[in-house]
Amino acid sequence: MKQKVVIKLSVHDEKSRAKAMKAAVGVDGVNSASLQRDKDLIEVTGEGIDVVLLTTQLRNRLKYAEVVSVNPVEEKKIEENKEKGKNKEPEATIQYLMGCPPPQYICAPCPPYQDPSCPIL
């Protein structure tokens, strides 16, 4: 399930903003993160985000992080297609075919190349 997490941070300069973005994007399940500069909020969206881990990572880097809200994100496009009963894009399928490895041929070793006009050899 996709969710949107809003966390209040204490960011004062560009260096701390970069630390916050790096910490937020490093957590598993995060698809995107955006900072609102005027309110010192970071919005993180993704699937299966561990909010406690995300907040802990931000606290370790910035010393202050407070969860404001956690909301599910509704995907309107998928719901509209389900209501109409029409999928514009067919689902892609991937097939892996496993077979025997190709036969290996054993050849006789080639004689070494010797050119009488070569001064190096």
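Helices H1 and H2 are roughly antiparallel to each other, a class assigned to angles over 145 degrees, with those under 35 counted as roughly parallel, 65 to 115 as roughly perpendicular and the rest as oblique. The structure is a predicted model, in which local features need pLDDT of at least 70 and side-chain atom pairs count only at pLDDT 80 or more, whereas totals for chains, interfaces and linings use all residues. Residues are numbered from 1 along each chain as its sequence is written, and side-chain values use heavy atoms, with hydrogens and water left out.

Helix H1 spans residues 14-25 and helix H2 residues 51-62; they pack at an angle of about 155°, and their axes lie 9 Å apart. Helices (H or I, at least four residues) and strands (E, at least two) are DSSP runs numbered from the N terminus. Axes are lines fitted to C-alpha atoms, for helices over the stretch in contact, and angles run from 0 to 180 degrees between N-to-C directions. The crossing of H1 and H2 is right-handed, that is, the near helix is turned clockwise from the far one by less than a right angle. Contact (heavy atoms within 4.5 Å) involves Ser16, Lys19, Ala20, Lys22, Ala23 and Ala24 of H1 and Leu54, Gln57, Leu58, Arg61 and Leu62 of H2. Of the residues in this contact, six are nonpolar, two polar and three charged; Ala, Val, Leu, Ile, Met, Phe, Trp, Tyr, Cys and Pro count as nonpolar, Asp, Glu, Lys and Arg as charged, and the others, Gly among them, as polar.

Four strands form an open sheet in the order E2-E3-E1-E4, with antiparallel pairing; pairing requires at least two DSSP bridges between two strands. Direction ignored, neighbouring strands are turned by 20° against each other on average. Strand E1 (residues 2-9) is joined to E4 by seven antiparallel bridges, with valine 5 opposite valine 70 and lysine 4 opposite asparagine 71. H1 packs on the sheet against E1, E2 and strand E3 (41-47), its direction making about 160° with that of E2. H2 also packs on the sheet, touching E1, E3 and E4, and its direction makes about 25° with that of E1.

E1 and E3 likewise pair in the antiparallel sense over seven bridges, and lysine 4 has threonine 45 as its bridge partner in E3. Two salt bridges are counted under the criterion of a side-chain nitrogen of Lys or Arg within 4 Å of a carboxyl oxygen of Asp or Glu. One of them joins lysine 4 to glutamate 43, with the closest N and O atoms 3.8 Å apart. This pair links distant parts of the chain, lysine 4 in E1 and glutamate 43 in E3 being 39 residues apart.
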